[in-house]
Amino acid sequence: MSTKAMNIVAVTTSLSEDSTTLKLTDRILASAASAGESVSIDVSAEVINIRNHATALTDMTLTGFRSEELEAAFATIAAADAIVTVAPVYKAAPVGLHTLFWQLMDDKALSRKPVLIASTGGTARHSLAGDAVLRPMLSYLKGIVVPTTVFAATDDWGTVEGGRALTARIRQAGEELVSLTATIIGAGDDDLAEAADLDSRASAGSGATPGAAANRGIVDEFDPANVTPFAQLLEG
Amino acid sequence: MEFGIFTIGDVTTDPTDGTTVSEHQRIKNTVELAKKAEEVGLDVFATGQHHNPPFVAPANPPVLLGNIAAQTSTLELSTATTLITTTDPVRIAEDYSYAQHLSDGRISLIMGRGNTGPVYPWFGKDIRAGIPLAVENYNLLYRLWREKNLDWEGKFRTPLNGFTVTPTPLDEVPPFVWHGSIRSPEIAEQAAYYGDGFFHNNIFWPTSHTARMVQLYRQRYEYYGHGKASQAIVGLGGQVFMRKNSQDAVREFRPYFDNAPVYGHGPSLEDFSTQTPLTVGSPQQVIERTLSFRDWAGDYQRQLFLIDHAGLPQKTVLEQLDLLGEEVIPVLREEFAKGRPADVPDAPTHASLVARHQEGRDPIPGGGEGSRAFEDRQARAAEAAKEGADQA
């Protein structure tokens with residue numbers, strides 16, 4: 001059973017139009033698409049720019065209240081097969097607006113989803129910031145972070161060597177993301193698909209919620225079919 | 001359908017003049033609001049239970065409700081909510097029973113788990129056990145109100161041997177119980193299991209979410225055989241500020257909104273009004289908004305409005321009650337009655353509960369014969385017996 005499609009959602013905090021963060025996002029998505037193509041998987045991509053949710057994120061922090069646009073963004077994440085996170089580094093950590101998005105997400109929201117961490121910064125001194133800050137956070141959300149992370153400093157866009165190294169790293173990370181995702185969703189004609197956990201895909205989906213949340217092994221707790229019978233709660 | 005107000009008794013500085021009422025004044029104001037609610041024709045007054053500043057809602061609501069009962073004659077007196085997690089169920093059984101006698105049956109309860117973490121340890125409880133506490137404590141309360149010489153043993157409280165609540169509930173019919181929860185499906189399930197009411201305090205939540213919780217409760221209510229899903233007993237919150245002219249309402253309420261303890265300095269009044277039931281405007285706008293709740297919640301039984309928070313002066317709050325009583329509620333009663341199927345029950349009253357009890361129609365927890373829950377239990381028992389036989 002091989003599916004031929006994979007949906008990657010990039011969560012990007014691009015603070016200006018045409019930022020290097022957005023450029024890096026595009027290159028990673030292009031690289032993932034070409035990695036997919038080589039194993040006959042049609043990779044589609046969506047970009048969520050956190051800048052557009054800045055006010056809603058602050059509101060939610062203060063009130064616990066999720067705006068409709070934020071709900072929609074969380075639903076897009078839930079429906080994704082894989083995630084790419086890209087953010088600029090400020091003072092040795094990805095910019096707070098970006099981490100806030102992940103911090104406000106439901107526990108287990110990234111369950112069974114491969115995640116690629118990428119960051120941008122002025123110099124290579126910042127290169128481990130994404131790993132140090134986001135890897136534990138994304139693991140907490142039950143995401144599966146791929147081993148290779150991508151960091152692009154100003155130099156990487158300007159020098160030949162830097163450009164080559166960055167391209168190689170993007171390719172490596174993109175391949176890791178696509179092959180791991182293919183394994184999990186059982187897609188493509190790669191041998192890896194054999195290892196896919198098909199049972200969990202087949203048994204999910206009794207939920208009434210639209211979207212693909214159900215096929216990620218996340219239980220829709222407000223679906224009457226999934227409720228824990230009260231007699232069981234009473235027994236403790 | 002019943003209409004009323006609910007308060008959490010917050011003592012908040014009025015942002016327009018920097019004044020703060022004293023606790024004493026806030027408490028007296030609360031009693032005045034309740035009396036006025038009856039005067040202007042509302043059905044329900046409900047108070048929260050609080051143990052921490054800046055709230056002076058009572059730690060034991062029957063104290064306040066008993067006082068109000070003595071000064072009113074028709075007003076239904078409710079909680080919103082009674083903390084079922086940290087309050088000893090034996091005291092809930094006794095104190096609310098007593099208040100029920102004093103008020104001639106005008107007491108009802110909305111059960112809640114409590115919203116601030118520190119409250120739990122103050123009473124020797126663990127917030128992580130919030131749901132199990134709500135489950136066990138309510139089960140004990142349910143039995144205390146219905147059984148004499150009760151022998152009981154649980155996880156969270158000293159055992160009881162041959163215990164009988166005094167006073168026993170009026171006419172042997174306990175106060176009606178609603179279970180309140182924002183986002184715990186277990187509590188919707190609990191309400192459905194017992195055939196009790198379900199109250200969703202939706203004032204900070206988008207309709208889409210509230211609708212799902214209400215649907216979950218309705219469907220499980222039917223599963224347990226207490227009636228059709230459309231007959232389940234549903235209550236909703238609401239939050240309003242009114243002036244004859246809607247621009248005046250917005251202008252006057254904005255500083256209170258912008259500085260309110262819960263959502264102040266966050267979303268704009270306009271965004272919050274779009275995304276939650278908050279309605280700031282003319283009585284007609286409040287009428288239209290409230291009527292729209294039926295579109296997603298179905299025909300329901302109890303509507304409570306929050307009107308007295310965020311430092312609003314008492315005079316202003318009393319004016320809100322006048323508007324509710326004169327212009328809003330009469331229209332809502334009329335409009336909600338239109339197209340309401342005859343088999344959808346009204347909000348329970350002591351009289352209706354006594355009648356139900358005497359006719360032997362009390363809900364059977366977990367579902368009696370003829371319910372799908374009952375059939376499922378039978379099927380499981382048969383399966384277990386077969387397995388046992390196979391093994392033997």
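Guide: A cavity is a set of grid points where a 1.4 Å probe fits but cannot get out. Keep that in mind for this predicted model.

Visitor: How many cavities of 30 Å³ or more does the rule count?

Guide: The count is two. The largest cavity holds about 50 Å³ of space.

Visitor: Which residues are the closest to the centre of the largest cavity?

Guide: Look for B:Gly105, B:Ile107, B:Phe176, B:His350 and B:Leu353. They belong to a lining of 13 residues.

Visitor: Now the domains. Where do they run in chain B?

Guide: The domain assignment gives 2-361 as domain 1 and 367-392 as domain 2. Their C-alpha centres are 38 Å apart.

Visitor: How do I read the size of an interface?

Guide: It is often given as the accessible area lost when the parts come together. Here, domain 1 and domain 2 of chain B bury about 450 Å² between them. Carbon and sulfur atoms give 49% of that area.

Visitor: Which three residues supply 84% of the area that domain 1 of chain B buries against domain 2?

Guide: B:Glu222, B:Tyr223 and B:Tyr224.

Visitor: How many residues are in contact on each side?

Guide: Six from domain 1 of chain B meet six from domain 2.

Visitor: What about polar contacts and salt bridges between these domains?

Guide: Three residue pairs are in polar contact, both residues at pLDDT 80 or more. By class, the touching side of domain 1 of chain B has two nonpolar, three polar and one charged residues.

Definitions and conventions: Residues numbered from 1 in each chain as written. Chains lettered and ligands numbered in written order. Predicted model: local features only at pLDDT ≥ 70, side-chain atom pairs only at ≥ 80, totals over all residues. Heavy atoms only, no water. Domains from an automatic or database assignment. Contact = heavy atoms within 4.5 Å. Buried area = accessible area lost by both parts, 1.4 Å probe. Polar contact = N/O pair within 3.5 Å; in protein donor to acceptor, adjacent residues only side chain to side chain. Nonpolar A, V, L, I, M, F, W, Y, C, P; charged D, E, K, R; others polar. 1 Å grid on protein atoms, 1.4 Å probe; cavity = no way out; pocket = protein on both sides within 12 Å on 5 of 7 lines; lining within 4 Å. Points joined across faces, edges and corners; volume = space filled by probe spheres on them.
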